[in-house]
Amino acid sequence: MFTSARELALRTLVRFERDRPPLDETLTRVLEQAPELSSRDRNLVMELVYGTIRYQASLDWLIDAYSKKPRHRLDKEVLCGLRLGIYQILYTRIPDRAAVNETVSLFKGRPTYITGFVNAILRRLCREKDHLPWPPKERDFALYLAVRYSYPTFLVRRWLNLVGEEEIESLLAAGNEVPPLVIRTNTLRINRDQLALFLKKEAQELNLCRYSPEGLILRRPRGPVTKLTGYRQGWFQVQDEASQLVGHLVAPEPGQKVLDACAGVGGKTTHLAQLMKNQGQIQAFDIDKRRLRRLEENLKRLGISNVEIISQDVTEALRGLGAAIYDRILIDAPCSGTGVIRRHPDIKWRRRPEDIKTMSQKQRGLLETLSPLLKKGGVLVYAVCSLEPEEGEGLIEAFLKGHPEFSPISPPGFPAPGLLDSQGFFRTFPHRQAMDGFFAVALKKT
Amino acid sequence: MKSWSLIFMGTPEFAVPILKALIAGPDEVVAVVCQPDRPRGRGRKPSPPPVKIVAQEAGITVYQPEKIRDPAFISQLKAVSPEAIVVAAYGKILPPEILKLPPRGCINVHASLLPKFRGAAPINWAIISGEEKTGVTIMQMDEGMDTGPIILAREIPIEPEETAGSLAKRLSDLGAELILEAIEGLKEGRLHPRPQPKTGVSYAPPLKKEDGLADFSRPAEELDRLIRGFDPWPTVYTFLQGRRLKLFRPRVIEAPSQAPPGTIVAVSEEGITIATGRGLLLIKEVQLEGRKRLPVAEFTRGYHLKPGMRLG
């Protein structure tokens with residue numbers, strides 16, 4: 001049976017609304033189940049789903065303003081349908097009439113009070129598009145920002161403290177932008193200039209990364225990344241520039257023994273292997289078997305053979321090891337993810353204020369358990385894709401107080417010394433450097 | 001064939017058959033290294049580790065450094081200048097200075113099929129994880145924890161009622177056989193260390209006493225494996241009328257039970273039957289705090305156990 005792009009988008013949104021599964025995986029699965037879809041329609045599904053979730057708080061504010069029935073009592077499908085319709089009217093170039101008709105037709109076969117209700121709200125919104133009932137800026141600035149830029153209020157308040165009133169709007173806006181595709185050249189197979197030549201025809205725009213010597217930025221690539229020239233041949237790996245720079249902070253050398261404590265799908269793991277010229281040994285731990293399967297695929301595709309995959313909790317497995325055996329340790333710690341909201345808008349609706357404290361306790365635990373395993377003279381790199389100081393600067397300052405044997409360094413040859421502050425902390429923001437928001441630090445043990 | 005001069009490093013009972021085999025074998029054990037005497041047993045008096053007793057009986061010099069990196073100790077090893085060092089459950093990771101010291105390197109007897117169950121408690125974890133087989137691997141040591149290339153490995157099945165204690169005994173006998181074969185093979189140039197596979201890696205961290213608290217809401221088969229994997233140490237325990245009760249010799253009984261987990265549903269000559277989260281668990285031996293380990297039949301003569309009592 002043929003399914004339309006909007007139907008698939010709605011199905012994905014309802015699924016997300018119901019049990020908040022990880023958005024990127026859900027979408028991948030939904031698209032796999034509809035192989036008949038043209039690539040244009042696939043792109044439309046992605047845009048509709050990501051866009052609607054990005055702007056969910058704004059959309060809900062308007063639904064609240066126009067619907068007499070309280071939002072929590074709306075049928076989930078109707079709620080998601082309204083969001084999808086309003087998103088198209090306000091944030092895409094789809095003509096209003098098409099947006100309304102297509103959305104209403106998603107409810108074909110349902111009782112007329114439903115189609116009527118959806119139709120009425122969407123039409124009224126089209127009419128009042130230019131004077132929508134947004135909350136006034138002056139009364140409660142944080143609420144205004146949370147609604148207009150679509151973020152949970154607690155995050156807006158936190159970030160107001162973090163960057164101040166001048167920068168807050170550009171930070172929030174940057175989190176809503178569609179990020180470019182950033183890849184890392186697999187220098188085990190090809191050099192960046194060669195790869196750029198091959199990929200030139202495959203994206204509307206292609207640029208070299210400013211700092212990372214292996215990075216390329218692609219805007220509007222034609223088709224999914226797995227179909228690009230060289231993907232199958234293992235010429236590159238998808239990885240944001242900030243994350244590539246973390247690899248350069250670790251700066252492992254061929255022949256060393258490296259612990260990658262939370263490897264995930266292996267963006268950084270494979271980068272380390274590449275910097276080590278595929279010599280020496282990397283032990284890659286993670287508890288998520290699904291992510292490790294993707295790491296295994298990536299290793300195979302990229303032609304990397306010096307990585308050992310271990311699907312255990314690293315702190316459990318290495319408990320009681322009591323010996324300093326690693327030359328490098330990378331702790332790419334599980335975190336709130338507030339630095340990668342532009343890539344994973346679902347993070348906004350997943351986080352609770354108390355998460356940041358729990359995360360930071362776990363991160364401290366990882367540091368305390370793993371730091372003794374580093375050899376004297378070795379380097380431990382701690383990184384998080386979070387903007388929150390409790391998971392970054394604050395955490396490391398506290399750790400350093402209790403561990404005078406560690407001090408931050410700027411590794412020789414690090415390609416972005418300008419992104420290190422006076423304390424040696426690496427910090428990026430999506431609105432300042434147009435990269436994912438990362439905190440990282442390289443600590444040398446003496 | 002020229003015989004090698006060997007240093008042996010090992011500490012507990014597991015290392016004893018291996019040391020004995022080396023002493024009886026064609027090569028010469030010139031020194032033994034083990035952990036210092038530590039308080040053991042009921043009197044908490046410092047007593048020598050099992051390996052030390054065997055070494056002294058054989059008239060071999062014993063070193064017991066507090067710190068393995070102690071420069072004085074390392075220069076003693078250098079003075080002995082062994083052909084190879086054989087390590088079996090020594091209890092500490094060796095520093096690079098020692099690994100590089102003998103020309104043939106350090107050879108480790110490890111009680112699992114590497115790369116599975118690297119680390120301190122491979123025998124226990126093989127049982128707890130419900131493996132059907134395990135084995136011994138002879139490995140050329142490197143700086144990691146049990147990550148070095150494999151010289152020789154042999155597997156044995158894990159028996160249904162196997163405990164960590166009984167399995168350790170069988171594996172150390174197998175290790176004794178295998179270490180002689182490995183050294184001979186290395187001398188003749190027949191055996192060549194090959195890197196461990198990159199997949200199937202797992203770690204077997206040391207057991208913690210507190211992990212031994214029985215959670216009867218778990219399935220019976222899981223509890224069964226845990227009890228056997230924790231026997232003789234650190235043991236699985238529960239509480240009987242406020243007193244600590246250690247559980248031994250379990251068997252899974254495939255039968256549904258309506259009773260809440262932890263309830264004693266039957267008491268017989270054979271043992272007590274306890275309801276769990278899934279299935280029933282028969283326990284044939286117990287030990288109440290401050291008392292001896294006894295078969296349930298004997299235990300119930302002094303301590304009245306009735307169906308309906310709750311454990312935990």
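Figure 1. As in every view described here, the residue is shown in a predicted model. In UniProt, an unreviewed entry lists A:Asp286, A:Asp313 and A:Asp332 under "binding site". Although these positions are spread over 47 residues of sequence, they cluster in space, and the largest C-alpha distance is 13.6 Å.

**Figure 2. The crossing of helices α4 and α5 in chain A.** Helix α4 (residues 56–66) and helix α5 (residues 76–91) of chain A have axes that come within 9 Å and cross at roughly 105°. This angle makes α4(A) roughly perpendicular to α5(A), because angles of 65 to 115 degrees are placed in that class. On the side of α4(A), the residues that meet the other helix are A:Gln56, A:Ser58, A:Leu59, A:Asp60, A:Leu62 and A:Ile63, while α5(A) contributes A:Leu79, A:Leu82, A:Arg83, A:Ile86, A:Tyr87, A:Leu90 and A:Tyr91. Sorted by class, this contact of α4(A) with α5(A) has nine nonpolar, two polar and two charged residues.

Figure 3. When neighbours within four places in sequence are left aside, A:Arg83 is in contact with A:Glu17, A:Thr52, A:Gln56, A:Leu59, A:Asp60 and A:Ile63. A:Arg93, by contrast, is placed in the loop between α5 and α6 (96–105) of chain A, and its relative accessibility of 85% means that A:Arg93 counts as exposed. From C-alpha to C-alpha, A:Arg93 and A:Pro22 are 28 Å apart in space, and in sequence they are 71 residues apart.

**Figure 4. Helix α12 of chain A and the residue with positive phi that comes after it.** Helix α12 (residues 267–275) of chain A is mostly covered, with nine of its nine residues buried. Among these buried residues of α12(A) are A:Lys268, A:His271 and A:Gln274, together with A:Leu272, A:Ala273 and A:Leu275. α12(A) is followed by A:Lys277, which has a positive phi near 55°.

**Figure 5. The annotated binding-site stretch of chain B.** The unreviewed UniProt entry applies the annotation "binding site" to B:Ser112, B:Leu113, B:Leu114 and B:Pro115. B:Leu113 is located in the loop between β7 (106–110) and α5 (122–128) of chain B, and at 21% relative accessibility B:Leu113 counts as partly exposed. Apart from its neighbours within four places in sequence, B:Leu113 is in contact with B:Lys133, B:Thr134, B:Gly135, B:Val136, B:Thr137, B:Arg154 and B:Glu155. B:Pro115 is also found in the loop between β7 and α5 of chain B, but with 6% relative accessibility B:Pro115 counts as buried. Residues up to four places away in sequence not being counted, B:Pro115 touches B:Gln196, B:Pro197, B:Thr199, B:Gly200, B:Val201 and B:Ser202.

**Figure 6. Backbone angles in chain B that call for a second look.** Most peptide bonds are trans, and most residues other than glycine have a negative phi. The peptide bond from B:Leu114 to B:Pro115 is cis, with omega near 10°, and the bond from B:Trp233 to B:Pro234 is likewise cis, with omega near 0°. B:Pro234 is placed in the loop between α7 (220–229) and β10 (236–240) of chain B. B:Gln241, a residue other than glycine, has a positive phi near 45°; B:Gln241 lies in the loop between β10 and β11 (243–253) of chain B and, at 54% relative accessibility, counts as exposed. B:Arg249 has a positive phi as well, near 50°, although its place is in strand β11 of chain B, where its relative accessibility of 37% means that B:Arg249 counts as partly exposed.

Conventions
Residues numbered from 1 in each chain as written. Chains lettered and ligands numbered in written order. Predicted model: local features only at pLDDT ≥ 70, side-chain atom pairs only at ≥ 80, totals over all residues. Heavy atoms only, no water. Axes fitted to C-alpha atoms, helices over the stretch in contact; angles between N-to-C directions. Helix = DSSP H or I, 4+ residues; strand = E, 2+ residues; numbered from the N terminus. Parallel < 35°, antiparallel > 145°, perpendicular 65-115°, else oblique. Contact = heavy atoms within 4.5 Å. Nonpolar A, V, L, I, M, F, W, Y, C, P; charged D, E, K, R; others polar. UniProt positions renumbered as here; feature names shortened; annotations may be inferred. Buried < 20%, exposed > 50% of the residue type's maximum accessible area, 1.4 Å probe, protein only.
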